[in-house]
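Dear colleague,

Please find the structure that I am handing over to you below. My notes on it follow, and I would be grateful if you read them with the structure open.

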Amino acid sequence: MPLSVTLDAPLARLNTFGVEARARRLVEFAGAAAPEDALDAVAGAGPVLVLGGGSNVLFAGDFDGTVLRVSTRGRRILGDDAGEPVVEARAGEDWDGFVRWTLARGLYGLENLALIPGTVGASPIQNIGAYGVEMRERFHGLSAVRLADGARREFDAPACAFGYRDSVFKHAGGAGWLVTDVRFRLSREPAPRTGYTDLREELARRSIASATPADVADAVSTVRRRKLPDPARLGNAGSFFRNPVLPADRAAELARRHPCLPAWPADGGVKLAAAWLIDQCGWKGRREGDAGVHAAHALVLVNHGRASGAQILALARRVRDSVLERFGVELEPEPLIVGAAWL
Ligand code: NAP
């Protein structure tokens, strides 16, 4: 059944924080459904929130509109672009399943992004990245429809305006598009990137000197399972804060005052490790009711059981405020916050 509609729908099982919230309507855009079906279902129905795996959203309140949950399926190899294979997946495909599918066909380039929760359609929205690779490096193009009027559009990389965990779709000018299909330009030549310390150490632990892309995917998956809480057991949305990117002069001034501050060049500025800033403020492992900062990873906020989205948001604001007070750096959330403003 490609489309189903539920009124006054509970959302706890549709967000990896596992917080209780309700939507006025929930439309499932699934299987082989066509974009027109989804457009018909949301036409004239008020505000629409597009949801994939629910792994990058915090419901701080109910959603008085239609949640359009995308779980369409399909993936295929399209052919070569300048000698490099192009693959396409429908937006609702599970990201990690897609990465494994490409590797099984000898198509390389996404291995460092193994086990990132969420869907293929969500991957360009925040230009997902991990272990030294960003999605934009493998991106070829995407198809989208505008929910307001059904306009169809193909986006190439410049049109997506990718930045560090950022794209046009996170800003007012790019809002309102439903991503339906995403294409990636991959390679048949393995070129493993193993520079990140945790990844390098995991490969060394396995006595792998010359890693294949599958080795990289396996090692990344092992490290992620070790460091990050499983949302099925402990609600979370991965990194809650984006690493801040500061102008070089401001970062240099901070580094003078805090010589241990981890920092790397990024997007024409300097990227700071938000986890380090939060840890220095003493937040790691702290808990306020059922809302907490994960004991093993200061960037990850967790729901220990029955925390509401509003409680998690209140904790996030306190973390932000203390980092701002101590370091003068304003942290921004990675997940979309629904039902409240990030004030
Ligand atoms: P980590 O390896 O402990 O490193 C801490 C931070 O330092 C990371 O955020 C990473 O930035 C940065 N970093 C480390 N080595 C770097 C290098 N050689 N060059 C540039 N930057 C470097 O990080 P972690 O928290 O365990 O995460 C490992 C990877 O998985 C990271 O890439 C992280 O982004 C990704 N991840 C993402 C999420 C999410 O929800 N978005 C959740 C968990 C992990 P980057 O974040 O820019 O790589």
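**Salt bridges**

The side chains of Asp-279 and Lys-284 meet in a salt bridge, with 3.7 Å from N to O; the term stands for a side-chain nitrogen of Lys or Arg within 4 Å of a carboxyl oxygen of Asp or Glu. Asp-279 counts as partly exposed because its relative accessibility is 31%, and Lys-284 is partly exposed at 36%. Here, buried means under 20% relative accessible area, exposed means over 50%, and partly exposed lies in between (1.4 Å probe, protein chains only). Salt bridges with shared partners also join Arg-76, Glu-88, Glu-154 and Arg-183 into one network.

Please note that this is a predicted model, in which local features need pLDDT of at least 70, side-chain atom pairs count only at pLDDT 80 or more, and totals for chains, interfaces and linings use all residues. Residues are numbered from 1 along each chain as its sequence is written, and side-chain values use heavy atoms, with hydrogens and water left out.

The structure holds 28 salt bridges. One of them pairs Arg-165 with Glu-334, whose closest N and O atoms are 3.9 Å apart. This pair links distant parts of the chain, 169 residues apart: Arg-165 is in the loop between α3 (157–160) and β12, and Glu-334 is in the loop between α8 (309–327) and β20. Both Arg-165 and Glu-334 are buried. Helices (H or I, at least four residues) and strands (E, at least two) are DSSP runs, numbered from the N terminus.

A further salt bridge joins Glu-202 and Arg-205, with 2.6 Å between the closest N and O atoms. Both residues lie in helix α4 (residues 197–205), three residues apart, which is about one turn of the helix. Glu-202 is buried at 5% relative accessibility, whereas Arg-205 is exposed at 52%.

**A buried lysine**

Lys-271 is found in strand β16 (residues 269–272). Leaving out residues up to four places away in sequence, Lys-271 touches several residues, including Tyr-164, Tyr-196 and Trp-264; contact means heavy atoms within 4.5 Å.

**Helix α2**

Helix α2 (residues 95–104) is largely enclosed by the rest of the structure, because seven of its ten residues are buried. Among them are Trp-95, Phe-98 and Trp-101. The cover over the buried residues of α2 includes β6 (75–81), β7 (84–90), β12 (177–185) and α5 (213–227). Gly-106, which follows α2, has a positive phi near 70 degrees.

**Two leucines**

Leu-147 sits in the loop between β10 (139–146) and β11 (152–155), and it is buried at 16% relative accessibility. Leu-343 is found in the segment after β20 (336–338) and is exposed at 71%. Apart from its neighbours within four places in sequence, Leu-343 is in contact with Arg-317 and Arg-320.

**The whole chain**

The chain has eight helices and 20 strands. Of its 343 residues, 51% count as buried. Its C-alpha atoms fill a box of roughly 55 × 50 × 40 Å along the principal axes.

Yours sincerely
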